[in-house]
Amino acid sequence: MTDYNSMKADEYAQRQGVEQELEFEIERMAEEVYSELPEWIQADSNRNIGDIITDEAKRRVMQAIKERNEP
């Protein structure tokens, strides 16, 4: 039973690592998206723009993953 629990713990740790790596990639892409925005948008402190940036960053990361996995 201990081996089974150890395997589950390893699987959980691996999933957490993958999820954390994905989050870091999304944050990196969000910075890239932000830098592409016009200065007047960057100067606006509207909270909604952050949501828009994050959504676009997620879309770009998922698209890149999809393209890597295609033959």
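Biologist: Which side chain meets Arg28 in a salt bridge?
Modeller: A salt bridge is a side-chain nitrogen of Lys or Arg within 4 Å of a carboxyl oxygen of Asp or Glu. Here the partner of Arg28 is Glu32, at 3.4 Å, N to O. Both sit in helix 1, 4 residues apart, about one turn of the helix. Helices are DSSP runs (H or I, at least four residues), numbered from the N terminus. One caution: this is a predicted model, where local features need pLDDT of at least 70, side-chain atom pairs count only at pLDDT 80 or more, and totals for chains, interfaces and linings use all residues. Residues are numbered from 1 along each chain as its sequence is written, and side-chain values use heavy atoms, with hydrogens and water left out.

Biologist: Which residues are linked in a network of salt bridges?
Modeller: Glu36, Glu56, Arg59 and Arg60. Arg60 meets Glu36 at 3.0 Å, N to O. Arg60 is in helix 3 and Glu36 in helix 1, so this pair ties together parts 24 residues apart in sequence. Arg59 bridges to Glu56, with the closest N and O atoms 2.8 Å apart.

Biologist: And which residues make up the largest nonpolar core?
Modeller: A nonpolar core is a set of buried (under 20% relative accessible area, 1.4 Å probe, protein chains only) Ala, Val, Leu, Ile, Met, Phe, Trp, Tyr and Cys residues joined through side-chain atoms within 4.5 Å. This core has 9 residues: Ile26, Met29, Ala30, Val33, Leu37, Ile41, Ile53, Ala57 and Val61. Helix 1 gives the most to it, with 4 residues.

Conventions. Buried means under 20% relative accessible area, exposed over 50%, partly exposed in between (1.4 Å probe, protein chains only). Helices (H or I, at least four residues) and strands (E, at least two) are DSSP runs, numbered from the N terminus.
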